[in-house]
Amino acid sequence: MAGISIKALSKSFGARDERLAAVSELDLEIKDNQFVTLLGPSGCGKTTTLRLIAGYIVPDAGTIHVDGKLLSAPGGVVPPDGRGMGMVFQNYAVWPHKTVFENVVFGLKLRKIPKHDARRKVAEALALVNLTGLEQRYPNELSGGQQQRVALARSLVVEPEILLLDEPLSNLDAKLRERMRTELKVLQRRTGITFVYVTHDQAEALALSDQIAVIHGGRLQQFGTPQEVYSRPANRLVADFMGLVNLVSGRVRDIRDGMGRVEIGNALAIDIALPAGTLVGDSVEVAIRPENIHLGKANGSQISAKVTDRTFLGNISEYYATLDSGQTLRVQTHPQQVFELNEPVTVEIDAAHCSVFRA
Amino acid sequence: MSVEAIGGSMRLSAPRPRLRLEHFVMGGTILALIILIVLPLLFLLFGSVRGDHGLNLNYFGEVISGRLYRQALFNSLILGAWTGLFSLAIGLVLAWAVSRTDVPGKTLIQITASLSYLSPPFLTAIAFVYLFSPNAGLINVFLRDVAGLPWLTFNIFSMTGLVLVTVLHTFPFVYLLASSALTSVDASYEEAAQILGASKIRTALSVTAPLVAPAILSGTLLAFVNAIALFGSQAIIGLPGRIVTLPTRIYALFDYPAEYGLASALSLIFVVITVAALYLQRAFLARRSYVTLAGKGARPQLIALGPARWFLFGFSVLAFLIAIVAPYTTLLAVSLSKSWGLAFWKGLTLDNYHFILVEYNVTQRAILNSLTLAIIAATLAVLLGAIIGWIDLRTRMPGRKLLDYTALIPLGLPGIVVAVALIQFWLAMPLALYGTMGILLLAYVGRYIPLGVRAANTSLRQIDPSLEESAQILGASWLTTMREITFPLIRPGLFAGWLLVFVPVIQELSASILLFSPTSITLAVAVYNLYETGAVERVGALAIINMLIIGAAIVVANKLGGGSITKANSAREVAA
């Protein structure tokens with residue numbers, strides 16, 4: 001199996017302006033046998049990164065090594081057909097003029113696998129993705145999910161050490177997407193292949209990955225486990241991208257042993273770890289996830305906010321609580337905890353799960 | 001630090017860009033374009049300014065001041081203008097009838113347009129001469145001698161006659177572009193105007209017309225460009241009527257002693273006119289993009305014409321009779337008659353076919369030559385087109401856009417100009433290509449390479465690059481990817497493109513007339529030569545053979561490629 005080592009990788013498409021580069025000075029160490037996700041909004045450079053790994057694109061700067069072997073450098077690249085990787089495309093790219101069998105056996109033919117063995121391997125690959133029996137169908141006779149699995153089988157049958165997946169689930173409907181998600185995860189564990197998976201869906205990334213690389217504006221923002229990326233975002237971009245978050249401005253009132261007291265509005269203050277170098281009086285931004293805010297019935301003097309909007313979502317309820325200062329917090333509560341519109345409430349914030357960024 | 005060291009040592013074995021098969025194929029294609037297009041054009045340019053003592057503009061001076069040349073230029077422009085105007089009138093009416101009304105017999109209109117587009121224009125011209133030449137034309141003779149209506153006779157050897165015959169070939173350009181534009185304007189645009197209170201007329205003027213006008217103007221300009229480039233009809237109808245045009249004037253300059261310099265200068269002036277018109281056409285078409293966005297899903301608004309639809313139907317039947325029935329039946333009747341005249345039906349015979357197919361070795365050779373040339377030229381044009389299209393769409397090769405533009409240059413070159421350029425180039429080369437089949441092949445491939453590029457482009461655009469990339473990542477080389485994935489997927493489009501080249505090559509006259517030799521004579525040249533000698537009935541037979549070959553090609557290509565000719569010559573193909 002194989003690990004991928006990416007160093008100072010840059011690529012821009014025609015744009016002179018450095019800031020418009022598709023990928024900029026990207027460093028990434030992908031370990032062997034891992035499920036790694038490149039996560040970011042569309043146009044962030046994640047697909048370019050994947051295509052650089054595949055060898056479709058020559059980098060402007062930086063290198064890509066696989067198992068210590070240099071595959072990409074500005075002077076030239078080992079072409080995709082010499083890399084022994086697999087790739088699953090967003091639009092499946094199942095060849096419409098070949099049957100399911102012909103699609104899957106293609107890579108084996110190129111490797112000159114004897115007919116008998118090839119037949120067996122195709123059968124195994126199709127069984128792995130639950131497509132047994134559809135060998136003679138043409139792609140236009142298959143559903144989107146089935147085509148996706150043909151694409152997977154076609155990549156897996158040649159036993160690549162690295163499988164690249166470019167938003168492979170984005171064209172499927174929600175239910176199928178969830179099922180394929182589970183299947184992919186199981187498949188990766190079972191085969192031990194290194195998966196590099198591109199998506200813009202943070203929920204998908206959280207559910208699937210061993211490691212998530214959050215990319216924004218062509219730069220790596222954070223590389224860590226799903227838990228780290230979600231609850232300890234490296235910056236406000238990551239915090240904002242990884243699910244719902246309230247980004248509220250505050251001011252540091254006091255610092256003691258690295259912990260600071262941050263005042264949000266007039267009546268609300270939290271004690272929280274500060275980034276190094278923060279001084280008393282600094283303006284900061286606090287990232288608070290909606291599930292880490294608890295509303296309570298106001299009892300007289302302890303009022304700190306007012307309910308200004310509410311939405312019942314079934315498994316949770318969502319409230320907007322407006323503070324005295326005018327700042328509004330988005331809050332998620334258990335559906336059985338009910339507040340009325342304009343009801344005064346108390347606000348309690350679980351500071352241990354919040355992050356502070358310097359404004 | 002150790003990581004750095006590893007990186008450093010690996011750099012030594014950094015993957016070098018290797019020369020692979022595709023690089024040789026790409027290089028070969030570029031070379032082919034240089035030989036087919038760039039060098040002949042440079043020699044044309046050079047030939048027009050080369051004097052006995054260095055470079056000068058004497059030839060241009062003579063061409064611009066000479067009465068004969070100015071007259072030719074003037075006649076060409078008059079012909080183009082009238083043809084454009086009538087093409088617009090006929091094409092637009094038919095297009096509107098098909099796409100926006102409940103006129104009966106829409107298929108008839110479509111057939112009329114397609115066949116008119118595919119028919120060799122010089123054969124139509126010959127057919128009309130046999131009907132309307134002042135002395136011997138069948139209809140004229142009938143009107144004068146039998147019906148006693150001499151004032152009704154019509155002299156085909158006139159500008160009117162020339163415009164008539166040319167329009168029959170060029171109105172489909174307007175028709176195809178206009179009908180595609182009219183069908184792609186979704187009814188919702190017009191309904192939106194009507195619900196706001198606009199009348200039908202107001203809607204047509206303020207919503208529909210601006211949306212489709214660019215396409216219609218562009219079709220008219222294409223009709224203009226094609227009209228002035230047709231050597232055949234201008235020689236057959238113009239010369240007896242003493243209407244000399246640019247192609248026939250250039251042709252005359254090759255009478256002994258050949259005036260290469262003057263011919264080159266006049267050719268370049270011809271090119272300037274054509275290119276200017278095509279530039280305008282592209283500019284108009286570029287403004288059309290918002291119409292095509294609506295795409296195939298558009299649902300056009302139909303108008304119930306009531307009794308007026310029979311008037312329109314009559315018009316389309318008339319178009320069918322004049323454009324298709326008249327020339328085809330005339331040529332068929334001529335070919336079967338012993339002696340063309342009022343009593344032709346008294347002596348029907350197949351002798352003429354026997355003569356041209358069995359007895360006369362010139363026509364035999366011509367048929368064989370044209371078939372060979374058309375098959376090879378169509379294959380080469382499509383292959384080169386496919387590679388150029390692939391380079392343009394699939395690689396990041398520097399200068400690939402330039403390559404694409406170069407391949408489109410021949411669109412602006414009238415056939416006779418291609419011939420002059422090739423003569424200038426190959427006479428200067430140590431290779432004796434002039435007078436061989438080789439130079440005809442170069443002319444055909446060069447002239448019709450844009451059609452190959454366009455067919456390949458259209459097909460390639462419909463194939464997502466990931467289909468090729470997924471073969472590549474599985475380890476397929478360039479050749480394997482092309483053979484297994486790309487080619488099978490674009491094959492129907494390439495067959496359609498092949499046919500689009502084959503059909504004009506088998507009837508090519510404008511360039512062949514200057515390039516042929518007795519051994520390399522082609523079908524169209526043989527028709528023209530027979531016509532010149534006055535062998536009326538045999539011309540008819542050869543013309544019918546020509547038509548049959550075209551028909552057979554269409555049938556075969558449809559069978560093999562699965563695409564239909566009507567699909568192939570859709571508006572986009574004609575205009576792009």
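Q: Why does N130(A) count as partly exposed?

A: The general idea is to count neighbours: a residue is buried if 20 or more other C-beta atoms lie within 10 Å of its own, exposed if 12 or fewer, and partly exposed in between, with C-beta atoms placed from the backbone. N130(A) has 13 C-beta neighbours inside 10 Å, and therefore counts as partly exposed. Keep in mind that this is a predicted model, in which local features need pLDDT of at least 70 and side-chain atom pairs count only at pLDDT 80 or more, while totals for chains, interfaces and linings use all residues. Residues are numbered from 1 along each chain as its sequence is written, and chains are lettered from A and ligands numbered from 1 in the order in which they are written.

Q: Where is N130(A) found, and what is its phi?

A: Helices (H or I, at least four residues) and strands (E, at least two) are DSSP runs, numbered from the N terminus. N130(A) is in the loop of chain A between α3 (115-128) and α4 (144-156), and although it is not a glycine, its phi is positive, at about 60°. E159(A), also not a glycine, has a positive phi of about 50°, and its place is the loop between α4 and β8 (162-166) of chain A. Because E159(A) has 15 C-beta neighbours inside 10 Å, it counts as partly exposed.

Q: Which residues does a cis peptide bond join in chain B?

A: The bond joins Y256(B) and P257(B), with omega about -5°. In chain B, P257(B) sits in the loop between α12 (246-252) and α13 (260-286).

Q: How should I read the pairing of β12 and β15 in chain A: parallel or antiparallel?

A: Two strands pair if DSSP finds at least two bridges between them. In chain A, strand β12 (residues 246-256) and strand β15 (residues 283-288) run antiparallel and are joined by six bridges, with S283(A) in β15(A) as the bridge partner of R251(A). β15(A) also pairs in the antiparallel sense with strand β21 (residues 355-358) of chain A, over four bridges, and there V284(A) stands opposite R358(A).

Q: What is the radius of gyration of chain B?

A: The radius of gyration is taken over C-alpha atoms, and the globule rule is 2.2 Å times the number of residues to the power 0.38. Chain B has 26 Å, which agrees with a compact globule, because with 576 residues such a globule would have a value near 25 Å. Taken along the principal axes, the C-alpha atoms of chain B fill a box of roughly 110 × 70 × 50 Å. Chain B holds 27 helices and two strands, and 50% of its 576 residues count as buried.

Q: How many residues does the largest nonpolar core have?

A: A nonpolar core is a set of buried Ala, Val, Leu, Ile, Met, Phe, Trp, Tyr and Cys residues joined through C-beta atoms within 7 Å. The largest has 175 residues, and among those with the most contacts inside it are I126(B), A381(B) and V501(B). Domain bounds come from an automatic or database domain assignment; domain 1 (20-47 + 350-576) and domain 2 (57-349) of chain B both give residues to this core, so it lies between them. Apart from this core lies another, of 104 residues, including I30(A) and L164(A).

Q: How many residues does each domain of chain B give to the contact between them?

A: Two residues are in contact if their C-beta atoms, placed from the backbone, lie within 7 Å. The centres of domain 1 and domain 2 of chain B, taken over C-alpha atoms, are separated by 24 Å, and the contact takes 40 residues from domain 1 and 42 residues from domain 2. On the domain 1 side, α25(B) gives the largest share, nine residues.

Q: How many residues does each chain give where chain B touches chain A?

A: Chain B gives 25 residues and chain A gives 28 residues. On the chain B side, α21(B) gives the most, with seven residues. Ala, Val, Leu, Ile, Met, Phe, Trp, Tyr, Cys and Pro count as nonpolar, Asp, Glu, Lys and Arg as charged, and the others, Gly among them, as polar. By these classes, the side of chain B that touches chain A has 13 nonpolar, eight polar and four charged residues.
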